[in-house]
Amino acid sequence: MMVMLVLLLLFPSKRIPELARGIGKTIREFKKAANGFEDELRRAIETPPSPPQPRMPAPPAEAPPPPRPAPNAPIESTPPPQEPPSS
């Protein structure tokens, strides 16, 4: 009763039905969105997850080519110098 009196004082009598319709539409939209969310959540919980897809093994990588042999180095005919013996 007190709420009705406050509404009559704050809003003119012509605006109260418009206000009530707007509140009703808002509440209906909220309930519809909440129910949609609940349904989607329930379906997600009840639906078993799909099995993981087997992965294809990666193709073997090509082996790098073998190292090329070093070019033939010239053979030195003189032996390397030796250090004199220390006394």
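**Figure 1. Ile23 in helix α2 of the predicted model.** Ile23 belongs to helix α2 of this predicted structure. The residue has a relative accessibility of 46% and is therefore classed as partly exposed, since that class lies between the limits of 20% and 50%.

**Figure 2. The nonpolar surface patch.** The largest share comes from α1, with five residues.

**Figure 3. The salt bridge between Arg15 and Glu18.** The side chains of Arg15 and Glu18 form a salt bridge in which the closest N and O atoms are 4.0 Å apart. Both residues are in helix α2 and are three residues apart, so about one helical turn separates them. Arg15 is partly exposed, because its relative accessibility is 48%. Glu18 has a relative accessible area of 46% and is likewise partly exposed.

**Figure 4. The salt bridge between Glu38 and Arg42.** Glu38 and Arg42 are joined through their side chains by a salt bridge with an N to O distance of 3.6 Å. The two residues are placed four apart in helix α2, about one turn of the helix. Glu38 is partly exposed, with 42% relative accessible area. For Arg42, a relative accessibility of 42% also gives the class partly exposed.

Figure 5. Asp39 and Arg42 are three residues apart in helix α2, which corresponds to about one turn of the helix. Asp39 is partly exposed, at 37% relative accessibility. Through shared partners, the salt bridges connect Glu38, Asp39 and Arg42 into one network.

**Figure 6. The setting of the close-up views in the whole protein.** The secondary structure consists of two helices and zero strands. The protein has 87 residues, of which 0% count as buried. Its accessible surface amounts to about 9600 Å², and carbon and sulfur atoms account for 65% of that area.

Notes. Residues numbered from 1 in each chain as written. Predicted model: local features only at pLDDT ≥ 70, side-chain atom pairs only at ≥ 80, totals over all residues. Heavy atoms only, no water. Buried < 20%, exposed > 50% of the residue type's maximum accessible area, 1.4 Å probe, protein only. Areas by Shrake-Rupley, 256 points an atom, 1.4 Å probe, with all protein chains shown as cover.
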